[in-house]
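Please open the structure in a viewer and keep the sequence at hand. The tour moves from one selection to the next and states what is found at each stop.

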Amino acid sequence: MLKFQKKPACSALIALLSLGLPLGLVAQEQCPTPTQHSVTEAQSIAFSSLQGHTLRAMLDLLGQGHYADVEIDDSFSDAWLAEYLDALDPGKNYLLASDVQEFEAAYATRLDDLAKQGELSPAKAIYDTFRSRTLTQIEANLSDLRNTDLAFDYSSNVEMPVDREAYTWPASTEESELRRQQSLTLAMLNLKLSGQEEQESREALIRRYESQVSNLNQQDTRTVVEFYLNAMAHLFDPHTDYFSPRESENFEINMSLSLEGIGAVLAREDEFTQVMEIVAGGPADLQGELKPNDRIVAIAEGADCPFLDIVGWRLDEVVDMIRGPGGTQIRLRIIPAEADELSEERRVVTIVRDRVKLEDNAAKGEVQQYEQDGRTWRVGVIDIPSFYLDIQAMRERDQEYRSTTRDVLNILQDFSEQNVDGVIVDLRGNGGGSLMEAATLVDLFVDPGPVVQIRDHDGNVYRNNRARNPAFYNGPLMVLTDRLSASASEIFAGAIQDYGRGLVVGTQTFGKGTVQSVSSLPEGDIKLTESKFYRITGASTQHRGVIPDIELPSFFDIEDIGESAYDTALPWDEIRGIPHRVYQDFSPFLARLRANHQARTASDADLQFLMGSLALNEERTARETISLNEQLRIEERDYFEAKEEELLNQWKLAKGIPIVEAEKLASIDPAMDQQAIEVAGAAEDAEDAEDAEAEDSQEPDLAQSLLDESVRIFVDLMSLQGA
């Protein structure tokens, strides 16, 4: 099934790699027992003077070093309070409207003044109320689940909002109780629809809620400080974070890439653990099933251990459980990125832990051939998962040290020997990395000149990152991007586009045009956004990213993933540009290239499947509510499954791939000719059942389909240019 992404409304990110999207490793032992989930008494909240000093120091660093000029005043205080409440109770499930009104009366205009004094008492007062309300509701859920005489009603016509932002704070305890009962019924219904028996579902939820009670009880002073300080930090921008001492330790581990694990970045999203990024070349990347924005709801060690429900766990606990020695297996039960978190859809992903190997993360090249008008075109494609550099080996003067630029140079030399007609640099999914490597990679394709501008919070502009040598490759060039191409990828793609050196094809990039640094605090650390990237034209890559010259269909919803999806993202702006050479103006060719692309989209089976899948996902995610009626949910699930199967059968028919059940073709096209039916039904008579199953399991490789179409666009361009 095609994977789609939702808005990454994340908190407590555990890893960051240089200038790109956060990257890290997470990866325990045979059938672990979560003994830490047996805390029966709530930890008291008592702030130390050191934590007060930390608050004041963080305010000073934000005011002196953050790129954004944010006034710490009453308006800031009001926003801070709202952010803190949202961090504690994002679904508006526990706190009452009267609680919020009380907090607003007491603190809406005072948090800024109290913070300047190092005063953290509002954080405790609000948290104590939140924890009390939450524990009361969870204990009520446990009481209902243990009461086997209580029958859940799966025939009501109640519709619950899918988007938590549609909720308001409950106006009364009665409204809060009704919402609790409906949420519990929904949880039971989802487990039933996923195939679990009634008692099995009750036991699973009892374990979940017992775990959540213990988790709340063990949350301590440092936990509350994290919530409170991050609520303040995220008002500056989404990439500014406070790291507690434990989070700082995880950050250092992930920066070093020294632990064996699955190769994924995790974040806390409401009560879920969300996958933010897949590390290129890591176990999860090579396995291929785990995707950004998938939510992990349960973990099992090895092939036989039972799943442990982790909904509501702290992020560091999940990280500790996923870490482990190379060669060991872990299973993750996930809610797929394209599914509503309130739905019953679950999938199990099995991954063997290992180290991220540099060679698996390195740039790779291959030559693709394409026939057009009697000519065979040879296009060299360079896939670059990230901008990497072995700094230690370089400092030790190792003549064989690895870097993106050195590897790409070797690939280009090989392409030269194979007489390619043009080169595509594939940056899809490339979250960034080394700024220096982005600049030196540009150097392979342009003559000496500027690559990027960096402006700090004081307004100083730096232009030190330049192409310094004559271009190594001067032939036709294309850059392929998607929504996950970020940071250093955007610097490279933007420079190639601004120089007119190559055509940029794909989708609008992520839009992360900021730089972060980590500074120590009296307790913990702060990751601070200190500067901003600008293209040589003066346009920022922040928020807007790089707009392709030719747009391709996107796997990702531009509105829901990317920098623009963050509420507090820094805006796009411009500074003075730098005079630079323009190698070529592609504008005279764009209309023809787009027309040819559209014509192929209307007839190509792979592109038709992609467009159909995108339309189906749009229909699925357009739903604003989810029903508590079992029959309606079954009908809805069957509808989308039938639509997916219809799309796949249409694709197989176009490709000449046998379909096992030929009679299903009537629902696709009653006018289909007999020969097509015979081709589609051939697998029914296959002598080898395994071969038939293998034939029927074939599905389109959509990433490859987009690459193939990019090659065709490139060939069209070279033909128009008379290459």
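**Aromatic pairs and a helix crossing**

Across the whole of this predicted model, a search identifies eleven aromatic pairs. Select Y84 and Y228 to begin: the ring centres lie 5.1 Å apart and the planes meet at 75°, so the pair is edge-to-face. Y84 belongs to helix α2 (residues 74-88) and Y228 to helix α8 (residues 221-233), so that distant parts of the chain, 144 residues apart, are linked. Y84 is buried, at a relative accessible area of 0%, and Y228 is likewise buried, at 1%.

Next, select F445 and Y473. Here the centres are 6.2 Å apart and the planes stand at 85°, a value over 60 degrees, so this pair too is edge-to-face. F445 sits in the loop between α15 (435-443) and β12 (449-450), whereas Y473 sits in the loop between β15 (466-467) and β16 (477-481), 28 residues away. F445 is buried at 0% relative accessibility; Y473, with a relative accessible area of 14%, is also buried.

Finally, display helix α17 (residues 587-601) with helix α22 (residues 702-720), whose axes come within 10 Å and cross at roughly 140°. That angle makes α17 oblique to α22, and the crossing is right-handed. To view the contact, select F589, R592, L593, N596, H597 and R600 in α17, which meet E709, R712, I713, D716, L717 and L720 in α22. By class, this contact comprises five nonpolar, two polar and five charged residues.

Definitions and conventions. Residues are numbered from 1 along each chain as its sequence is written. This is a predicted model: local features need pLDDT of at least 70, side-chain atom pairs count only at pLDDT 80 or more; totals for chains, interfaces and linings use all residues. Side-chain values use heavy atoms; hydrogens and water are left out. Axes are lines fitted to C-alpha atoms, for helices over the stretch in contact, and angles run from 0 to 180 degrees between N-to-C directions. Helices (H or I, at least four residues) and strands (E, at least two) are DSSP runs, numbered from the N terminus. Angles under 35 degrees count as roughly parallel, over 145 as roughly antiparallel, 65 to 115 as roughly perpendicular and the rest as oblique. A crossing is left-handed if the near helix is turned anticlockwise from the far one by less than a right angle, and right-handed if clockwise. Contact means heavy atoms within 4.5 Å. Ala, Val, Leu, Ile, Met, Phe, Trp, Tyr, Cys and Pro count as nonpolar, Asp, Glu, Lys and Arg as charged, and the others, Gly among them, as polar. Rings of Phe, Tyr and Trp (its six-membered ring) pair if their centres lie within 6.5 Å; planes under 30 degrees apart count as stacked, over 60 as edge-to-face and the rest as tilted. Buried means under 20% relative accessible area, exposed over 50%, partly exposed in between (1.4 Å probe, protein chains only).
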